[in-house]
Amino acid sequence: SLGVAADARIDIVDSSQQSLPAEPPEDMDAILRDALAHRPDVIAAIGKIEAAEGALKSRRADYYPKIGLSAQIFENIGGFSTDGGPWSTVNKPGGSILLTLSVPLYDGGGRDFRVASAQSEVAAARDSLAQVRDAATLQVVSAYNDLKTSLAAYSAAVALREAAQTAYEAALGAFNGGVGTYTDVASELSSLATADAQKEDAHANVFTAAAALAFATGMVQTR
């Protein structure tokens, strides 16, 4: 629904060593404007309005007189002979011009019905565009907030991992100095492993959120 071809090639790479996507701009209005200008579903809805408005203009034109002009050019070529007599031939150009005037008269309300029907089509197309824009706006805002949240969660996970590393090193130093227990070292090592996993999850979630925002804004590029 967002213009991605069914046979588009999707490359999957390990994102653990990649730098994080950039922080999204703070100007949400600009992001929404760009999204509504690039999303294929919005563009398609606008196209339906233009088509419906064109049909309405055509229906309204039925109320006005129509003038038509047609022309034709021809060449009359032939020959004949009677009773073995000499041949008579003809080679004469000709042409005609026809001017027509059509004045609409009473048609039992047919034109009124067609105009009303076309107006309904325009109104329906405009309502559809409003619905598409509302859905697109909701999707973009949700994806934007998810990316901001994911970036904040990653920063928190990095801080937690650093704290876990510090606690582990302190427990290990105490153990090596004879003032700590192995249980403390094992506990802090487990906490460090958990912090590493949370950091990796948070890192992956940032890329997922960034991809969702790219889809929502219609900025996905295919090849």
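Me: Before we start, what counts as a helix here?
Reply: Helices (H or I, at least four residues) and strands (E, at least two) are DSSP runs, numbered from the N terminus. Ala197, for one, lies in helix H4. Keep in mind that this is a predicted model, where local features need pLDDT of at least 70, side-chain atom pairs count only at pLDDT 80 or more, and totals for chains, interfaces and linings use all residues. Residues are numbered from 1 along each chain as its sequence is written, and side-chain values use heavy atoms, with hydrogens and water left out.

Me: Is Ala197 buried or exposed, or in between?
Reply: Buried means under 20% relative accessible area, exposed over 50%, and partly exposed in between (1.4 Å probe, protein chains only). Ala197 has 40%, so call it partly exposed.

Me: How do H3 and H4 cross?
Reply: Axes are lines fitted to C-alpha atoms, for helices over the stretch in contact, and angles run from 0 to 180 degrees between N-to-C directions. The axes of H3 and H4 (residues 182-216) come within 7 Å and cross at roughly 165°. That makes the two roughly antiparallel (under 35 degrees is roughly parallel, over 145 roughly antiparallel, 65 to 115 roughly perpendicular, the rest oblique). Their contact has 28 nonpolar, seven polar and six charged residues; Ala, Val, Leu, Ile, Met, Phe, Trp, Tyr, Cys and Pro count as nonpolar, Asp, Glu, Lys and Arg as charged, and the others, Gly among them, as polar.

Me: And which way do H1 and H3 lie?
Reply: The axes of H1 (residues 28-38) and H3 come within 10 Å and cross at roughly 130°, so this pair is oblique.

Me: How many aromatic pairs are there?
Reply: A pair of aromatic rings is described by the distance of the centres and the angle of the planes. Rings of Phe, Tyr and Trp (its six-membered ring) pair if their centres lie within 6.5 Å; planes under 30 degrees apart are stacked, over 60 edge-to-face, the rest tilted. The count here is one: Phe175 with Tyr182, edge-to-face, 6.2 Å centre to centre and 65° between the planes. Phe175 is partly exposed at 36% relative accessibility, while Tyr182 is exposed at 58%.
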